[in-house]
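Biologist: Please show me the protein, and let us go through its architecture by question and answer.

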Amino acid sequence: MAESSPSEPTSAEALARLSDSDLRAVVLDNIEASDTARRGFNPADIAYALQEGFAQLQERLGAVLGSYRELPQAVDLAVIALMENRDSAGLGPFLILFISALIVGGLCFRALKPLQSRLFGPVAAANTPIDLQQKCRYLGAALASDGMRVAAFAISAGLVFLILGTDEPRDRLAFAFYLSATIIMLTVTVFLRAYLCLEQPAYRIPHMDDRSARALFSTQLIATFLGAFGFFTCSLFAVLGVVGDAHYLFLMLVGTVLTAALVMSFLINRYGLVRAITAGSENGARTRLAPLYPWALMALAVGLFAGLVITGLLGGQALFGAGLFTLGALTYWPPFDAALAAGARQYHAAGNALHGAILRVMRLSLGVSVILALILVWRFDLFGLYGPVGLGVTITRAILQIGFVALIAYAAWESLRLHLDKRIAREQAEFEAQHGDIGEMEIGGAGMSRLGTLLPLIKRTGQVLIATISLMIILSSLGLDIGPILAGAGVVGLAIGFGSQTLVRDIVSGAFFLIDDAFRQGEYIDLGDVKGSVEKIRARSLQLRHHRGALNTIPFGEISTVQNYSRDWAIMKLRFRLAFNTDLEKVRKLLKKTGLALLDHPEVGEDFLQPFKSQGVIEVDDYGLVISTKFMCKPGRQFLIRRYAYAAVQETFAAHDIQFSRPEVRVAMEADGVETQTEAHTEAMTKTTASEAVATVMARRDTTKPQSPE
């Protein structure tokens, strides 16, 4: 049986084993740490720490730069380590095997070329207009197919080495390093070809001409070659024994060459990059800041390299790969984002709201994805897996959470808006097709459907809920306790409820009116003091448009009764005054015949629910017999039908010699001892009064009176 390992000493036992000097050192360290924590923020401490860091950096930089004499010898030692214990053939078999693996991988890569056309089909003709949606599909298919081709290249090349290679560790390491560099080169190549669409410029998403695209492709590929093979050569040398200051100096030289190549690439392509991020944009911050974009990339390349070098000199881990990924993301993301923004504006201008919203969500998703990728490559411990979470990690985590919340909230907002706007537009179109424009409706015209009335309220309520929930989650992500906020909101809401009972009454009354379906948008209602068509319904009030144009806003709490003229049916009664000697039976038959004729009228016939008919004599006055007629029709059509009914009755009565009675004034007077009776007929439309008739008769009397001799 194996002997059990001794147990770990306890804290008391470890403390008892310390000498007096060690114990005093521990106590002093604890006292110093306590004093530092008690002092808190102190600019002097920060300045002292910076001075120490600067001194250490100066010392390490001098040591690294001073090792330049050792660099040739270190490279010779690496070559010797790679060549020792080999036969006379040296590196020949390894190079042949490596080249053979690359050839086999290249053949597999080329053999899968038809996969590209199968994924996105035939390419459109040169003169065929291609929208942004087709370009995005082309880019996605190109990246997917080329990604599978790169994977096939890597697998086939690796299998060739595994089958034909030796067990020599140095060869396996060299093959792995340089195959990785080749795969990186190939990956960057296929990405740039898909991104810049060198073979199919019509599908290019960034706004670049062919010359700028090819210049960017060439210069970025040269920089990638220098970086990939340079850094993997440094890694291989480190494995072969080139370590220490000489190795770091070699790494700095490779980084310097790569940084210079990137700066030259940005300098050469500065005009193309500026055009790419400003094409199709309006005059704004993007247009004003665009000329600084390539210079910012140059400064970022130099700054990242300097920062990574300083980090390595101070003993930290220099993430050169993260720096290169950051430069690549900030080089290719803004032009792509600018193209998506321009496409969204074009779709919006063309009335295609759905595609515009999809592009806006894509922009936000792409931005969040880039931020997440940058966080991952810079190895931020977002979940505290490797130790206590610092301030930087907390801020980064909050930014990432806010980005995800904003993405989900915006997607939900746009989905709700697009869906409900589409339904509202459909309801509006159906209403206008059936009833015409609301502004031109007669009194009592039928309103929109109940769903069409409630959809705007549902839309606003949903948007308020999305905004409120998103704000609460964002505040929680920032470290704020939303419990007191919610409690305070409840107290404030209770206070508002007590202090603003009218507001609460309006909102509650409006909810019950809508539940009862008392009115809908577009319906004509009478509230007692005001009347009109319902134009808008809000949370606490509604707006009525009077048929003469006035707009009235009425809080729901002030509505006691609602008289709706737009539901189910409407009855219109018309009155006609006829002479005393009129044949009533004949009139009844004529009116019935007129009603049947109106049922066949091309404009109003289908609006009748009950035909136009006579109700007989309802009144006898001083001027004649008053006959009432009525008809039942669809609400809002009664006024149009009334015009046609009046015209039809007048035409029918005129054809059958039936006269309407007219008001008349009879004046009796004596002239030369003979009683004379004069009838003064006055038309109702001219409204001639009895006094005017008397004046007329007197004037006639004066003209007929015999003149006395002089």
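Predicted model: local features only at pLDDT ≥ 70, side-chain atom pairs only at ≥ 80, totals over all residues.

Modeller: Residues are numbered from 1 along each chain as its sequence is written, and side-chain values use heavy atoms, with hydrogens and water left out.

Biologist: How many helices and strands are there in the protein?
Modeller: Helices (H or I, at least four residues) and strands (E, at least two) are DSSP runs, numbered from the N terminus. Counted in this way, the protein has 22 helices and 10 strands.

Biologist: Of the 710 residues, what percentage count as buried?
Modeller: A residue is buried under 20% relative accessible area, exposed over 50%, and partly exposed in between (1.4 Å probe, protein chains only). Among the 710 residues, the buried share is 35%.

Biologist: Which strand is joined to β2 by 4 bridges?
Modeller: Two strands pair if DSSP finds at least two bridges between them. Strand β1 (residues 524–526) runs antiparallel to β2 (residues 531–537), with 3 bridges. On the other pairing, 4 bridges join β2 to an antiparallel partner, namely β3 (residues 541–545).

Biologist: Which residue in the turn between β1 and β2 has a positive phi?
Modeller: Asp526 stands opposite Lys531 in β2. The two strands form a hairpin with 4 residues between them, and the turn residue with a positive phi, about 100 degrees, is Gly528.

Biologist: Which residue is the bridge partner of Ile537 in β3?
Modeller: A hairpin through 3 residues joins β2 to β3. Across this pairing, Ile537 has as its bridge partner Leu542.

Biologist: Is Thr182 buried or exposed?
Modeller: Thr182 lies in helix α8 (residues 169–196). Leaving aside residues up to four places away in sequence, Thr182 touches Phe98, Leu102, Phe153 and Phe229, where a contact means heavy atoms within 4.5 Å. Because its relative accessibility is 16%, Thr182 counts as buried.

Biologist: Which residue's backbone oxygen does the side chain of Thr182 reach?
Modeller: The side chain of Thr182 comes to 2.8 Å from a backbone oxygen. That oxygen belongs to Tyr178.

Biologist: Is Leu159 buried or partly exposed?
Modeller: Leu159 is found in helix α7 (residues 132–164). Because its relative accessible area is 45%, Leu159 is classed as partly exposed.

How values were computed: Polar contact = N/O pair within 3.5 Å; in protein donor to acceptor, adjacent residues only side chain to side chain.
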